[in-house]
Amino acid sequence: MSKVAVVLAGCGVYDGAEINEAVLTLLSLEQQGASYQCFAPDIEQMHVINHLSGEPMAGERRNVLVEAARIARGNIKALDALEVEEFDALLVPGGFGAAKNLSNFAVAGAAMEVLPEFL
């Protein structure tokens with residue numbers, strides 16, 4: 001049986017992991033008989049987006065790990081606890097969180113840096 005590390009970048013398509021993609025990924029893994037463990041960085045999000053308007057919410061702060069725990073229903077660990085040799089595969093569901101919380105691609109483009117614990 002395969003064991004998969006799933007790295008979530010928060011919760012919400014505009015500022016985290018895309019919820020449908022993340023949930024369906026977890027469901028598909030279960031249906032295929034694979035086990036998985038979710039991880040997310042324990043850091044502050046780049047910003048919080050109002051998903052009704054698509055605009056940043058001034059003064060609002062959220063933690064990527066706490067937000068990702070919504071998708072994982074609490075079954076999640078901090079990204080720095082991930083031991084690569086314990087897993088057969090890595091999945092990173094989409095959403096702008098990868099470009100904002102796992103790297104700085106959203107603001108730096110080709111000169112981006114990847115979050116050290118994700119790298």
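A residue is buried when its relative accessible area is under 20%, exposed when over 50%, and partly exposed in between, using a 1.4 Å probe and protein chains only. Keep that scale in mind for this model. The model is predicted, so local features need pLDDT of at least 70 and side-chain atom pairs count only at pLDDT 80 or more, while totals for chains, interfaces and linings use all residues. Residues are numbered from 1 along each chain as its sequence is written, and side-chain values use heavy atoms, with hydrogens and water left out.

Start with strand S2. Helices (H or I, at least four residues) and strands (E, at least two) are DSSP runs, numbered from the N terminus. S2 covers residues 35–40. Five of its six residues are buried, so the rest of the structure largely encloses S2.

Which strands does S2 pair with? Two strands pair if DSSP finds at least two bridges between them. Strand S1 (residues 3–7) pairs with S2 over five bridges, in the parallel sense. Within this pairing, Val 6 has Cys 38 of S2 as its bridge partner. The chain gets from S1 to S2 through helix H1 (residues 19–31), and this β-α-β crossover is right-handed. Right-handed has a set meaning: with the strands pointing away from the viewer, the path from the first strand over the helix to the second runs clockwise.

Strand S3 (residues 76–78) also runs parallel to S2, joined by three bridges. Here Phe 39 stands opposite Lys 77 of S3.

Now look at the rings. Rings of Phe, Tyr and Trp (its six-membered ring) pair if their centres lie within 6.5 Å; planes under 30 degrees apart count as stacked, over 60 as edge-to-face and the rest as tilted. The structure holds two aromatic pairs. Tyr 14 and Phe 96 are stacked, with 6.3 Å from centre to centre and 20° between the planes. Tyr 14 sits in the loop between S1 and H1, and Phe 96 in the loop between strand S4 (89–91) and helix H3 (97–100), 82 residues apart. Phe 96, at 45%, counts as partly exposed.

The other pair is Phe 39 and Phe 87. Their centres are 5.7 Å apart and their planes stand at 85°, so this pair is edge-to-face. Phe 39 lies in S2 and Phe 87 in the loop between S3 and S4, so the pair ties together parts 48 residues apart in sequence. Phe 39 is buried at 2% relative accessibility, and Phe 87 is buried at 14%.
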